Structures are given as structure tokens and as C-alpha cells.
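Please keep the structure open while you read.

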Amino acid sequence: MNTRFISLRFAAAVAALLLVSNPGVSAETAAPASAASPASPQAPQAALPPNVDPRADQLLSRSCEDLASSKAFTFHAEITFDKVLRSNVKLQFAAAADYAVQRPNHLAVEFHSDLGGKQIWYDGTKVTILDPPHMVYATTEVPDSIDGMMERLEEVHNLSIPLADLAYSHPCEMFRKGVIYSAYVGVNDVAGEDCDHLAFTKSNVDWQVWLQRTGRHLPRKIVINYRNAPGSPEYVAVLSDWKFPASIPASVFQPDLPKDAKQISIMKVKETKP
């Protein structure tokens, strides 16, 4: 799991400027064995580093393979995230998000939080981001794949979409990158369901994931602690309502902009990475 998986720029959600024409606009917005679609080719796996639990790695791989093999899926996320004030007081805020993924090149996200909201549409050629509270939106051209789109946003605009790493063609490549420790914690509860609880550590973050044990091995909860950031803010997402339709209507990925929304430009987010 790299910093793109759930970026502090979005998870803490109040510091980053996304839309350049309005300086008051802040950026906000981090496993199916029986999937009907054929499994996508898996990237070759390197030898596990020391202190990486093979069982944790195996369960994570199983979940990633199930997601990678799914042509289309949707899910809902209930989110809490911390904001650390300059006084070192840590506040917690809540959010909710809905995601729709159609491989290889469509993604839609609707995000609402205590601090505002965003809607994002990717139709295979461009990304459109709407800020409903401020009635502004921005559009930028991107590559014709989910992987390429997210990499372009990261490289050119220093911008990431939390939880969208689940839509990568090889999610585990993103999750494993930089892992120096992992463990299988045990079978623990998420919303009344037993899940396999895994823990991972990178140089700058600790993260945990709870995976569904029956049917599709889906992520049901994700917790990330940015321990090197001031106040060690935390991001928690509980995932539910997973669905795997044969396809998703194209209209879901087309911008639905309010009549009075004003188009502005995307700027490069200037926050340092956690």
C-alpha cells in the first residue's frame, strides 16, 4: 500500500488545494474467488522480505486476485479520518463514498464528508472533478486505462483518489510496495461478520485490512495510521454493499454537472507526501 492508496492530502481533507481558480476549495476524497470474469494475468512475485508473514501475504494475494478478475464492481465506504490542528489537537471527521469500477477504463466516485464533498468521473479519456459546495468543476485529459489515469494524476497533479487502488489491474503491487513487516492477526469482527485480520508496516505508515472469509474474499475494513505525520492521524474505511454486475451503464461514468457549475483549472497539489 503506497501513499496513493489513501493520501493524507485527501484523508485529512482540508489542507490541499485542488482547484486553482478558487483558493477556498479544499481537496477531499482508502476477494472474489468465484468472480465470473476470467482472472487477469498476475504480475510475477518477488521473494518475500524478512518479517513478512507468508499467511498474511497469501490472504492478501487471494483478495487481490479476486478483485483483479472482476470486470465491474461497486461498493460503499463509511469513513472516519483525523485532522490534526496546528495546536496538535486531533479532530475526527466522518465521510461516506460510493465507488463504481468498469475495467479497463471507467471509474466514478461520489464522496461526501463533514468538510465537504467531491464527485469524480473517469470515462476513458478524461477525468472530471466536481466540488458541489463551491459549484466548480475541472477536467483534464488522461490515459485510456485506470492504472494510467491514476498514475497521470499522481505524477502531473500530485493528486490521488482514496480507495481507488482497489481498481488497479494488479492491486497487490500497490499494497506490497515498501512493506517491511506483516502479520496475520486472527479472525476478528467487522459489522457482525468474521474476517481475516492482517497487519502491515511500511517506513511511514501502519495499515490493517480485514478480508471477508466466505465467497469473494473482499476487503471489509481498512485502517491506516500515518505514524510519522504530526499527531499520527488515522484513516478508517468500512466497506460494504459490494456488487459485481456484468456491466455498469455508461451514464454512471459521464459527468452530471449542475447547470450553474463553473469550470476552472486543476492545479498541482503542493502538500508533501506522508
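**Cysteines and a charged patch**

With a relative accessibility of 0%, C195 counts as buried (buried means under 20% relative accessible area, exposed over 50% and partly exposed in between, with a 1.4 Å probe and protein chains only). Keep in mind that this is a predicted model, where local features need pLDDT of at least 70, side-chain atom pairs count only at pLDDT 80 or more, and totals for chains, interfaces and linings use all residues. Residues are numbered from 1 along each chain as its sequence is written, and side-chain values use heavy atoms, with hydrogens and water left out.

**The disulfide**
- Searching the whole structure turns up one disulfide (a pair of cysteine sulfur atoms within 2.5 Å).
- It joins C64 and C172, whose sulfur atoms are 2.1 Å apart.
- C64 sits in helix α2 (residues 54-68) and C172 in helix α4 (residues 171-176), so the pair ties together parts 108 residues apart in sequence (helices are DSSP runs of H or I with at least four residues, strands are runs of E with at least two, and both are numbered from the N terminus).
- The disulfide is right-handed, because the torsion about the S-S bond of C64 and C172 is about 95°.
- C64 is buried, at 3% relative accessible area, and C172 is buried too, at 6%.

**The charged patch**
- What residues form the negative surface patch? They are E78, D98, E110 and D241 (patch residues have over 30% relative accessible area and no salt bridge, and like charges are joined within 9 Å; a salt bridge is a side-chain nitrogen of Lys or Arg within 4 Å of a carboxyl oxygen of Asp or Glu).
- E78 belongs to strand β1 (residues 72-84) and is partly exposed, at 43% relative accessibility.

Notes. Patches are made of residues with over 30% relative accessible area and no salt bridge: like charges are joined within 9 Å, nonpolar side chains (Val, Leu, Ile, Met, Phe, Trp, Tyr) within 5 Å. Accessible areas come from the Shrake-Rupley method with a 1.4 Å probe; for residues, only the protein chains shown count as cover. Lys and Arg count as positive and Asp and Glu as negative; His and the chain ends are not counted. The place of a charge is taken as NZ of Lys, CZ of Arg, CG of Asp or CD of Glu.
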